Amino acid sequence: MKTRRTSLLAGLLALVATPVAWANDLQLNMTQGSTDMSQHVYGLHMLVFYICVVIGVLVFGTMFVSIFRHRKSRGVTPAKFHDNVKVEIAWTVIPFLILVAMAVPATITLFEMDDTDDSDLTVVVTGSQWRWHYSYLDHDVEFQSILATQNEQIYGRLPKTENYLSEVDRPLVIPTDTKVRFLITSEDVIHSWWVPEFAIKKDANPGYINEVWTRVNEPGIYRGVCAELCGQGHAFMPIVVIAKEPAEFQEWINAEEERLAAERAEEERLLSMNMSMDQLMETGRNIYLAQCAACHQPNGQGIPGVFPRLAGEGVSVGDRTQHIDIVVNGVSGTAMQSFQNSLSMSEIAAVITYERNAWGNDTGDAVQPADIHNFIQGNQ
Amino acid sequence: MSTVVADAHDAHDEHHDHKPTGIKRWIFTTNHKDIGTLYLWFSFIMFLLGGSFALMIRMELFQPGMQVIDPHFFNQMTTMHGVIMVFGAVMPAFTGLANWMVPLMIGAPDMALPRMNNWSFWILPVAFLIMLSSMFVPGGGPAFGWTFYAPLSTTYSADSTALFVFAMHIMGMSSIMGAINVIVTIMNMRAPGMTYMKMPLFVWTWFITAFLLIAVMPVLAGVVTMVLTDKFFGTSFFAAAGGGDPVLFQHLFWFFGHPEVYIMILPSFGIVSAIIPAFARKPLFGYASMVYATASIAGLSFLVWAHHMFTTGMPTVASLMFMYMTMLIAVPTGVKVFNWVSTMWRGAMTFETPMLFAIAFVILFTIGGLSGIMLAITPVDYQYHDTYFVVAHFHYVLVSGAVFSIMAAAYYWLPKWSGVMYDEGLAKLHFWCSLISVNILFFPMHFVGLAGMPRRYPDYALQFADINAIVSVGGFLFGFSQLIFLAVVLKCAMKKGEKAPAKPWEGAEGLEWTVPSPAPYHTFDTPPEVK
């Protein structure tokens with residue numbers, strides 16, 4: 001008997017404990033973040049939350065007492081009152097005062113947040129469908145940051161790994177203990193750059209620039225997402241920011257400057273020589289999958305009525321110069337953006353070659369970096 | 001043949017209940033009760049359709065990964081769900097209630113403009129056929145959210161945007177005509193002695209709502225037209241390259257959109273203000289302050305639109321002004337909630353289904369209102385904006401708010417409409433299923449939103465998986481619970497049930513209860529005297 005009772009008790013405990021343990025792993029509240037500002041925001045959030053809870057308990061409590069006590073089945077006679085000026089003034093004025101009490105700290109925090117003066121480092125953040133581009137204003141460093149989760153994971157052909165949809169190929173790197181200013185803009189539709197740990201969410205408006213800033217206290221990896229609906233790839237353009245100690249950051253940015261300079265030198269070298277077809281096709285395939293497949297689809301089929309098909313029709317099997325023109329300059333008034341600044345000439349040459357020869361297009365054309373160079377020169 | 005005879009007969013007929021039969025009755029009707037019924041059925045069909053779109057969304061979000069639909073179709077579902085629920089389900093339901101009840105409540109024989117009334121209903125199904133057909137054209141339907149932000153809806157949208165714009169125009173016309181009708185009816189057709197400050201609150205709230213509609217629907221028409229010309233005729237209202245500004249779109253849209261939010265909730269206030277006194281058997285507390293509070297909410301609703309846009313990069317001072325104005329709305333809204341609670345206080349309550357829905361409305365709407373105060377705080381809104389916290393907030397005020405009040409109204413007035421009492425057992429089952437499932441559906445959304453899940457995502461990171469699974473289960477439970485409501489209403493429509501007396505609710509007040517149940521085809525041909 002006793003054992004049965006104990007096992008029953010243990011079972012009940014387990015029943016209660018499982019959801020509790022589960023809830024401990026589960027994030028149910030806003031992050032406190034890793035900056036002073038995000039702590040302020042969290043504090044404000046909790047303050048307003050508790051005030052709301054108190055109001056809720058009072059209002060609903062009164063209501064439940066009434067529902068319990070003032071029911072016809074208990075044989076009560078209804079009262080007749082329907083006005084009370086004093087009470088009505090009280091419940092107009094008191095909420096107003098509570099609101100003022102919330103508005104004061106909110107106002108102070110907002111002024112601090114909007115003060116982007118005296119920053120030590122500026123990064124231009126440019127959103128486009130569906131990737132972020134980062135450019136350090138004070139350094140010769142810029143790069144794109146693209147989702148690193150494979151399609152196979154998204155479509156269930158591979159198991160999903162820990163950072164599913166929150167990993168990118170090249171994270172943004174910033175120094176800790178430094179006021180970093182972000183200039184946020186977009187190339188196409190509106191995106192929104194959100195890193196919860198910094199309490200920063202700012203829209204990237206095409207043609208306009210928004211400013212925000214942060215000062216990260218702890219080195220670490222911080223993850224964010226695009227928060228404004230920007231088309232079908234909206235869920236697939238995450239943000240990863242790595243905060244490094246200032247000295248480490250300096251090392252990183254120097255190395256990055258060198259690496260990019262070497263890349264440009266290589267680019268120069270490639271201009272004067274021809275890449276082999278295999279080399280072009282392989283680079284082209286990678287670029288295509290990362291940059292083009294989201295719209296034109298991995299198999300080049302496009303989406304009828306929205307994104308043109310490349311396999312077996314259109315410019316990919318048509319005029320070569322026109323094809324180069326579209327990739328280099330984009331098509332104004334459509335979602336096709338210009339890739340002149342985001343891809344190198346060899347990459348553009350490779351992806352065009354790939355498009356002209358993949359999926360049975362088989363034009364046999366090999367477009368070389370020099371062709372792109374000549375096209376751009378001729379353009380200007 | 002028989003119709004001809006009937007029509008000939010009609011010319012000399014004194015009998016009030018005479019009407020054409022069959023489909024013609026519904027197509028050519030100018031009777032406010034018929035049109036009200038049409039609106040209500042249309043709204044319910046749209047509610048089920050919009051709901052099934054929501055279930056598509058919840059099905060895809062049940063697990064991380066893309067399983068059922070592709071992201072482009074997912075975006076069409078979120079867009080269509082929003083458009084259909086706002087313009088197809090909630091607004092027509094209120095217009096249907098206004099058609100049925102406003103003339104009965106003010107002692108008028110019909111709406112003031114009956115032919116326009118017919119027209120304003122019958123263009124609605126046309127608008128929605130156009131809207132839904134847009135999903136079948138090449139490139140798919142609108143996939144830019146019901147807020148259709150430019151330039152996603154202009155340069156970057158499919159060609160079906162033209163259909164979207166056209167359908168929006170027609171819906172707007174329908175709403176404007178409906179609103180004009182309500183205003184003209186209330187101003188001109190009140191029974192002798194029915195002064196403004198004697199009007200039931202449902203009439204008052206609709207009167208104010210109608211002015212909101214007339215003020216903002218043209219703004220919507222303007223903004224969709226700009227979308228149309230930006231996309232097809234080379235203008236640049238919302239494109240920086242041509243001197244425009246994408247943020248201008250949001251200002252225009254939300255100048256319509258925020259009053260629109262109140263258009264969808266003010267009539268609810270009126271409904272609940274009728275039901276709570278009826279079942280508490282006690283007069284409404286603070287009638288006058290209810291009227292003033294409604295008017296102040298309506299006034300303030302024009303000054304808060306940019307709280308939807310805190311992250312667009314407004315000047316600090318502008319953000320502050322919109323934050324203060326938004327917080328201020330809590331004051332008149334609070335007054336209303338306190339008034340309802342005081343009406344219940346020391347009453348003699350019974351808990352028939354209309355009262356259950358009304359009480360659930362007060363509690364759940366208040367929860368939505370409180371999260372609204374949290375959202376008003378600009379610096380914190382940066383963390384909430386465009387997350388599931390917002391989705392939770394507006395579903396609390398729109399589903400467990402507006403939709404619950406519509407259901408309360410349906411149960412409250414069904415005996416008057418159909419002449420039979422609804423099945424109280426089934427109705428209570430519907431209530432409890434809806435109440436529990438609506439909270440399983442929307443309450444956990446607060447958590448997943450605070451934890452950082454953005455809205456309008458077809459796929460999400462793994463830490464959000466558990467809550468999304470719970471939410472999806474709640475969604476399906478809530479969706480299928482509504483079939484119980486359908487069963488209850490069908491039973492009434494087929495006159496299966498106890499015969500309803502003229503006034504089925506002991507504590508109910510108002511002229512609508514002075515006419516028999518079901519309300520005759522023509523009522524108040526001779527105006528009643530109101531003392």
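View 1. Strands here are DSSP runs (E, at least two residues), as helices are (H or I, at least four), and both are numbered from the N terminus; two strands pair if DSSP finds at least two bridges between them. Look for A:W193, which sits opposite A:C226 in β9(A).

As for the labels, residues count from 1 along each chain as its sequence is written, while chains are lettered from A and ligands numbered from 1 in the order in which they are written. The model being predicted, local features need pLDDT of at least 70 and side-chain atom pairs count only at pLDDT 80 or more, whereas totals for chains, interfaces and linings use all residues.

**View 2. Here is the open sheet of 5 strands in chain A.** Its order is β4-β10-β9-β6-β7, with mixed pairing. β4 (172–175) and β7 (200–204) of chain A stand at the edges with a single partner strand each, so one side of each has no neighbour in the sheet. On average, neighbouring strands of this sheet are turned by 25° against each other, direction ignored. Helix α5 (residues 246–271) of chain A lies across β4 and β10 (239–244) of chain A, at about 135° to β4(A). Axes are lines fitted to C-alpha atoms, for helices over the stretch in contact, and angles run from 0 to 180 degrees between N-to-C directions.

**View 3. Strand β8 (residues 210–214) of chain A is mostly covered.** Of its 5 residues, 4 are buried (20 or more other C-beta atoms within 10 Å of a residue's own, with C-beta atoms placed from the backbone). β5 (residues 180–186) of chain A pairs with β8(A) in the antiparallel sense over 5 bridges, and A:I184 stands opposite A:N210 in β8(A).

**View 4. Two helices of chain B pack together.** α3 (residues 32–61) and α16 (residues 465–493) of chain B meet at an angle of about 155°, with axes 9 Å apart. That makes α3(B) roughly antiparallel to α16(B) (angles over 145 degrees count as such). Among the residues of α3(B) that meet α16(B) are B:L48, B:G51 and B:A54; contact means C-beta atoms, placed from the backbone, within 7 Å.

**View 5. Chains A and B touch each other.** Each chain gives residues to the contact: 82 from chain A and 82 from chain B. On the chain A side, α2 (36–69), α3 (85–113) and β7 each supply at least two residues.

Technical notes
Two residues are in contact if their C-beta atoms, placed from the backbone, lie within 7 Å. Angles under 35 degrees count as roughly parallel, over 145 as roughly antiparallel, 65 to 115 as roughly perpendicular and the rest as oblique. A residue is buried if 20 or more other C-beta atoms lie within 10 Å of its own, exposed if 12 or fewer, and partly exposed in between; C-beta atoms are placed from the backbone.
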